[in-house]
Amino acid sequence: MKTNFVFTAICAFLLGACHSATSGTEKTALTKNAEKTEQPSQDSSPVADAAAILAKKEVPVLCYHHIKDIKPSDGPMTKTYSVTPAHFAEQMKALKDDGYETILPDQLYNYLVHGATLPAKPVILSFDDTDEDQFTIAYPEMKKYGFKGVFFIMTVSINRPHYMTEEQLKELSDAGNAVEAHTWDHHMVTKYQGEDWEKQLVQPKGKVEGIIGKSADYFAYPFGLWNRAAFPELKKAGYKMAFSLATKRDSTQPLYTIRRMIVAGQWSTPGVLNAMKQTFHLD
Ligand SMILES: [Zn+2]
């Protein structure tokens, strides 16, 4: 939707300006399996506080919207938020060739909170807004490399033309991808009051869980926009982490302000990898 483009563009411009505390000293090794069923409350490992989480080496999280060819007549926003199928294929191959392995939000959570180990070069591939081309184009391309992604679903659009169906979401989940919530209808979280929290946070979580038959514990803010009033509501609704865009993480609630980088459609494949390394302070 158009407003999405405007706000995400604003966030994208912040890319170069933000940074966060990373020690760069932490070495990660072989991954520890992080099952969806794992309950943190039953985990006896120590729980990290906000400062400890912010000090950890950041995991890059890429954010995609449309995977489709663009027309010369498309506007600049559409061009920014559309990665062509050919470019997407090239980017997946480049990540694989560079040694990256995809991880899922559960693994990120267990790394940040419980100190679980990750692959040496982890990356999260995230997809917003329920577009059907994420299923028909991105998903088969990712499968070639054994990559998994996280799909943030705006539940009002499920089963509508050009959006994913319930069956497609179930297939993504059954194949080991994460299917999570991205509100009911994409209104910005910073404007919520009264019943909005129930409609935009609680009900979409239940809707997604009903489709995939698993818990959906993660949330992405529309337009990447958040405020501190959202944190207690997200916790009350049962979300364990929430993803923003390129803005700085909150000093007290880094789990609810996990950063992502939009992959702009105009970028070359080496440009995507370079931007990722700069944004997330990778070696
Ligand atoms: Zn969105």
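This is a predicted model: local features need pLDDT of at least 70, side-chain atom pairs count only at pLDDT 80 or more; totals for chains, interfaces and linings use all residues.
Visitor: Fine. How does His186 count on that scale, buried, exposed or partly exposed?

Guide: His186 counts as partly exposed, because it has 19 C-beta neighbours inside 10 Å. You'll find His186 in the loop between β7 (178-181) and α8 (196-212).

Visitor: And how do I read the backbone there? What is the phi of His186?

Guide: The general idea comes first: most residues other than glycine have a negative phi. His186 has a positive one, near 75°. Thr130 also has a positive phi, near 75°, without being a glycine.

Visitor: Where is Thr130, and is Thr130 buried or exposed?

Guide: Thr130 sits in the loop between β5 (122-128) and α6 (132-143). Thr130 is buried, since 25 other C-beta atoms lie within 10 Å. For a glycine with positive phi, look just after α4, where Gly99 takes a value of about 90°.

Visitor: Let's follow that loop back into the strand. How many of the residues of β5 are buried?

Guide: 6 of the 7, so to speak a mostly covered strand. To see the strands beside it, go through the bridges. β5 pairs in the parallel sense with β1 (residues 61-64) over 4 bridges, and Val61 has Ile124 as its bridge partner in β5. β5 is also joined to β6 (residues 149-153), again running parallel, by 4 bridges; there, Ser126 is partnered with Val150 of β6.

Visitor: How does the chain get from β5 to β6?

Guide: The chain crosses through α6, and this β-α-β crossover is right-handed.

Visitor: What about β4 and β5, how many bridges join them?

Guide: 2 bridges, between parallel strands, with β4 covering residues 101-102. In that pairing, Thr102 has Val123 of β5 as its partner. The chain goes from β4 to β5 by way of helix α5 (residues 105-114), in another β-α-β crossover that is right-handed.

Visitor: And β1, which residues are on one side of it and which on the other?

Guide: Val61 and Cys63 are on one side, Leu62 and Tyr64 on the other, and these four are buried, which leaves both faces of β1 covered. β1 also runs parallel to β10 (residues 261-262), joined by 2 bridges, and Cys63 has Ile262 as its bridge partner in β10.

Visitor: Now helices. How do I read a buried face?

Guide: An α-helix has 3.6 residues a turn, so residues three or four places apart point the same way.

Visitor: Which residues of α4 are buried?

Guide: Phe88, Gln91, Met92 and Leu95. Seen down the axis of α4, the buried residues fall within an arc of 100°, so they line one face of the helix. On the other side of α4, Ala86 and Asp97 are exposed.

Visitor: What covers the buried residues of α4?

Guide: The cover includes β2, β3 (82-83), β5, α6 and α10 (269-279).

Visitor: α6 turns up again. Which residues are buried in α6?

Guide: Asp133, Gln134, Phe135, Ile137, Ala138, Tyr139 and Met142. Among the elements that cover the buried residues of α6 are β1, α4 (85-97) and α7 (166-174). Take Ile137, which counts as buried because it has 20 C-beta neighbours inside 10 Å. Beyond its neighbours within four places in sequence, Ile137 is in contact with Ile67, Pro85 and Phe88. Ile137 and His66 are 71 residues apart in sequence and 9.9 Å apart in space, C-alpha to C-alpha.

Visitor: One last thing: which residues have the most contacts inside the largest nonpolar core?

Guide: Val179 and Ala242, in a core of 69 residues. Leaving aside its neighbours within four places in sequence, Val179 has contacts that include Phe151, Ile153, Leu169 and Val208.

Notes:
Residues are numbered from 1 along each chain as its sequence is written. A residue is buried if 20 or more other C-beta atoms lie within 10 Å of its own, exposed if 12 or fewer, and partly exposed in between; C-beta atoms are placed from the backbone. Two strands pair if DSSP finds at least two bridges between them. A crossover is right-handed if, with the strands pointing away from the viewer, the path from the first strand over the helix to the second runs clockwise. A nonpolar core is a set of buried Ala, Val, Leu, Ile, Met, Phe, Trp, Tyr and Cys residues joined through C-beta atoms within 7 Å. Two residues are in contact if their C-beta atoms, placed from the backbone, lie within 7 Å. The arc is that of the directions from the helix axis to the C-beta atoms.
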